[in-house]
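Welcome! Here is a short briefing to read alongside the structure shown below.

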Amino acid sequence: MMTQVANRLLVSIPVLFGVLLLGFFLLILVPGDPAIVLAGPMATPEIVDAIRADMGLDRPVLIQFASYLGRVLQGDLGRSLISNKTVVSELAAAIGPTAELMLACLIWSIPLGIAMGTLAAVHRGRLIDRIIMAISVAGVSLPIFFICLILIQLVGVHWQLLPFIGRGGPLWTLEGLRHVALPALSLGAIFIGPVARMTRSSVLEVLKLDHVRTARAKGLSERRVILRHGLRNALIPVVTLVGLQAGYLLGGAVVTESIFSYPGLGRLAVGAILSSDFPLAQGAILILALAFILINMIVDILYALLDPRVQA
Amino acid sequence: MSAAADAPPADGPAPGRAWWRRLLSDPLALTSAVFLALVVLSAVAAPLIAPHDPFASSRSVMQPPVWTDTGSWAHPLGTDGQGRDMLSRSLYGTRLTLLIGVLSVGLGGVLGSILGLMAAFKSAIDPYVMRVVDVMLSFPAILLGLALVAVMGPGAWPVIVALAIATVPDCARIARSIAVSVMKQEYIEAGRAVGLSDAALFTRYLLRNAISSIMIFISLRFGQVILIGAALSYLGLGARPPVAELGMMAAQGRDFLLFAPHIAVIPSVLIFLIVLTANVLGDALRDVLDPRLRG
């Protein structure tokens, strides 16, 4: 088990290096001269030169990368060009809301997706299976911004049931819950399809196995066979799916947060890119990439814990 | 497929000559194929069949489509917030949306397939290729898109490049796993024994037997790529005016959702139908060509 985790950590090192290289290039490859961008339109050539020397832009690229690495490792990602706050403080304020959105999305979409997938597998080939699979395919084919727009229009504007702009506070307060409801519904809607599909094929796979036949032969009720012996073992691939689909979910979150003006990392990244705030964009992309790597690592380790066969 | 007569049969259930006939015997797949063909044809022919200039404004702003009470045949799908003809814009928008999807899946698919097949063919380079692929897999498409747009500025090209790069590692993995099983077959051994060159072995034996499974992957990937591309355009990070793109058109319609919902709904529904039919067709293709992959 420990070697498993250690191996997994080792694999992440080149990936981390790649992420940092990406962040570095984001800063030095910006259109135009970063020193001129930073100095602003009114700056004299002397000021630009001073900024260039200050940022180390006159030094060789390798040395610049080394000093970038040094700064990042000390938690210094620079300052936002727009707000002049440190990038780290901007990111810290946005992580919580994104984590809350993810939680609020997964907490309803995963159970529903698993239930739909199991139902479809048990009634394989019948009408209910076809309906559930049709819903899944439609779900993965809908553009997420369309789901957001429909929900805003119907629930927000027409019925005026729920707010659809910004965040109302922490998740455990009523206002916080009310504000996160529509974004979490939109994001979950695109996630049910993959979960249901994966659960269905996984349950079908497990129901063919010997221990399920034994359970049936013992005379257990069909319900017990499916829930205790089938679904329980079928859930392992579903856990991996959440890891594999983390990127897909992240993409959805970027769109959802932007549309609902929800102050998370996705909206921060999009806003920074649209306003050419390069240090902030670099920080947001860096932290999103780190989160993605971390999620995949946790899922891999969880997978090993859930399935004793992987430990070999 | 007729040129493949001298190549050994594919691994597993043979696709057979009339795989497309079996594919089209499924009514759902047939409908999807017809719809997609129509969409592609009308997108390609957009300059010839568009009734109006897609970029020219007119006085009739936010005119509803023809099936509503106040619609008219002058603008069958109505006009947008600037009085531009929605039908013409949709045709041009579909053209660009499809182009983004085809180019990124095509570029990424070809590069990924070559990497994956080479890795399986030459075991010496396998670990290196797969390590690079693992690192690439750690960057989800949306992050690559955001990063490239940050560096290159918003536009269709950064999105195409990002989606192509994001397709490479997935495709390389699929291609490799298929190719590894093909390489174990006896006909590869036989080909070697009769003294075929590596190039001949690669193209005539390996590529021909792996291509159908790779095509299935690419067809299923196509829908996802279109969705990400459209989402980036919706956010203002992808294709930008003056061109028309479906995701961008939906974004332009969001402010008129209350008075003129058709401006946002028409491009959104078009994206949905294109992705849906591509997914249905991809699923059907998989069932016909390679039932082992069935999920």
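Predicted model: local features only at pLDDT ≥ 70, side-chain atom pairs only at ≥ 80, totals over all residues.

## A first look

Residues are numbered from 1 along each chain as its sequence is written, while chains are lettered from A and ligands numbered from 1 in the order in which they are written.

**Backbone details**
- Asn84(A) has a positive phi of about 65° although it is not a glycine.
- Asn84(A) sits in the loop between helix H4 (61–73) and helix H5 (87–122) of chain A (helices are DSSP runs of H or I, at least four residues, numbered from the N terminus).
- Met62(B), also not a glycine, has a positive phi near 55°.
- Met62(B) counts as partly exposed, with 17 C-beta neighbours inside 10 Å.
- From Pro241(B) to Pro242(B) the peptide bond is cis, with omega near 10°.

**Where the chains meet**
- Chain A brings 40 residues to the contact and chain B brings 36 residues (two residues are in contact if their C-beta atoms, placed from the backbone, lie within 7 Å).
- H13(A) gives the largest share of the side of chain A that touches chain B, with seven residues.
- Ala269(A) touches residues including Val254(A), Ala281(A) and Leu146(B), not counting residues up to four places away in sequence.

Conventions: Helix = DSSP H or I, 4+ residues; strand = E, 2+ residues; numbered from the N terminus. Buried ≥ 20, exposed ≤ 12 C-beta atoms within 10 Å, placed from the backbone.
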